[in-house]
Amino acid sequence: MNEEYDVIVLGTGLTECILSGIMSVNGKKVLHMDRNSYYGGDSASITPLEDLYKRFNLPGSPPETMGRGRDWNVDLIPKFLMATGQLVKMLMFTEVTRYLDFKVIEGSFVYKGGKIYKVPSTEAEALASSLMGLFEKRRFKKFLSFAASFDENDPKTLEGVDPKKTTMLEVYKKFDLGQDVVDFTGHALALYRTDEYLQQPCLDTINRIKLYSESLARYGKSPYLYPLYGLGELPQGFARLSAIYGGTYMLNKPIEELVIENGKIVGVKSEGEVARCKQLICDPSYVPNCVTKVGQVIRVICILSHPIKNTNDANSCQIIIPQNQVNRKSDIYVCMISYAHNVAAQGKYIAIISTTVETNDPEKEIRPALELLEPIEQKFVSVSDIYSPTDLGTESQIFISRTYDPTTHFETTCNDIKDIYKRMTGAEFDFEEMKRKKTDIYGEDQ
């Protein structure tokens, strides 16, 4: 242990494992420790099912109707991958895909007036969808083709819209889109959690809609992917990458003290020994004095013996309940996966509801989502604090990840990874650079 490292990483959440892998590929000497005995931290998949009952302090053990406990891998934090999103790029360029298998999520749905509707995934579906009236469909189609060809560097594609000045609300008005269409475009396509984006320049929203459309075009059913055996496979894949490049891993290591000299991290003390380092990456739980609480998220894991109604018996899907539909300030999400993904016993489904807490009665807030899932065989409720770092690491060289938000995709997590990378190295994260570096060890023909 009494060695010197370039970087010590504490916690094996996805953010920490990706950064550990990236730093190892960059030639840094990395030591990765976690007080837990398993990978994934807050983003772990819990197996067997008995462990989930223990974790949520439920009395007794799972009933026999739930099958064998070891057939379950239950995610604590539900998220999907956008098919052409940043995390898929990180997986491809680092070749961590060699350790994982993915399935396409079968459908994306949006809640309107107490019912759920499929988010149209093709022009034919858009024309057949009962989400919009006939004239709305035409206007929406025009809007989608405008977004698809939009290029901020080509004035001919802008149709008088200034990417950095025109607000998204003004763009919607330009195409005369009604409130329901605005709701599902902003929340089910651009995947915003609130309506704050409406007053902001339109470029980010149009890029998000393009990401959704490109991800959808990749596989056709939905823009989302999910790894077989659960999300816990992702941190483990990046941990392997780090190990291939010389990273050292230690689970079950109690962290006794961060050793700081002159305001700067110089090492980590564990079991009486100090490992020295120049930089430290960690999740908020390791540095409670350097983070601030910025909100709470409620997540409810529901075990079902049936697919969700009105989803065409899909064995996986996402449902978004836009804030305006349920008089809230932020959206409610439902992610559903099943035995088809090797995360549940045969014939069983796992639906996970998540949203930002807005009142003193979080369970009441998610009632519209629970109603969509009934009957529910068993539910596991958690309310967690969301933390944001107060120390950016410039002086201390301690770089703290953000808590996972309620969104059902990894784009915000990837933005956090790129932000930490830039603060640590002074350089922008470059996907192509990662690709070049890892060929040094694998060779081009792999």
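Predicted model: local features only at pLDDT ≥ 70, side-chain atom pairs only at ≥ 80, totals over all residues.
# Questions on loops, packing and overall build

Me: Why does Leu 191 count as buried?

Reply: Phi of Leu 191 is near 60°, a positive value in a residue other than glycine. Burial goes by relative accessible area: buried is under 20%, exposed is over 50%, and partly exposed is in between (1.4 Å probe, protein chains only). Leu 191 counts as buried because its relative accessibility is 6%.

Me: Which other residue has a positive phi of about 60° although it is not a glycine?

Reply: Look in the loop between strand S10 (248-250) and strand S11 (257-261). The residue there with a positive phi of about 60° is Asn 252.

Me: How many residues apart along the chain are Gly 13 and Tyr 404?

Reply: Gly 13 is in the loop between strand S1 (4-10) and helix H1 (14-25), and it is buried at 3% relative accessible area. Not counting residues up to four places away in sequence, it touches Gly 40, Gly 41, Ser 43, Pro 235 and Tyr 404, where contact means heavy atoms within 4.5 Å. The C-alpha atoms of Gly 13 and Tyr 404 are separated by 9.7 Å. Along the chain, though, these two residues are apart by 391.

Me: What residues does Ala 340 contact, leaving aside its neighbours within four places in sequence?

Reply: Ala 340 belongs to the loop between strand S16 (332-338) and strand S17 (349-356). It is buried, with 15% relative accessible area. With those neighbours set aside, its contacts are Lys 103, Leu 228 and Asn 315.

Me: Which residue does a cis peptide bond join to Glu 374?

Reply: The bond has an omega of about -5°.

Me: What is the angle at which helix H3 and helix H9 pack?

Reply: H3 (residues 86-94) touches H9 (residues 233-244) through Leu 87, Met 90, Leu 91 and Thr 94, meeting Leu 234, Phe 238 and Leu 241. Axes are lines fitted to C-alpha atoms, for helices over the stretch in contact, and angles run from 0 to 180 degrees between N-to-C directions. The two axes are 11 Å apart, and the angle is about 35°.

Me: How many helices and strands does the protein chain have, and what share of its residues is buried?

Reply: The C-alpha trace spans about 70 × 60 × 50 Å along its principal axes. Of the contacts with a separation of 6 or more, 71% are between residues 24 or more positions apart. The chain has 13 helices and 19 strands, and the buried share of its 446 residues is 56%.

Technical notes. Residues numbered from 1 in each chain as written. Heavy atoms only, no water. Helix = DSSP H or I, 4+ residues; strand = E, 2+ residues; numbered from the N terminus.
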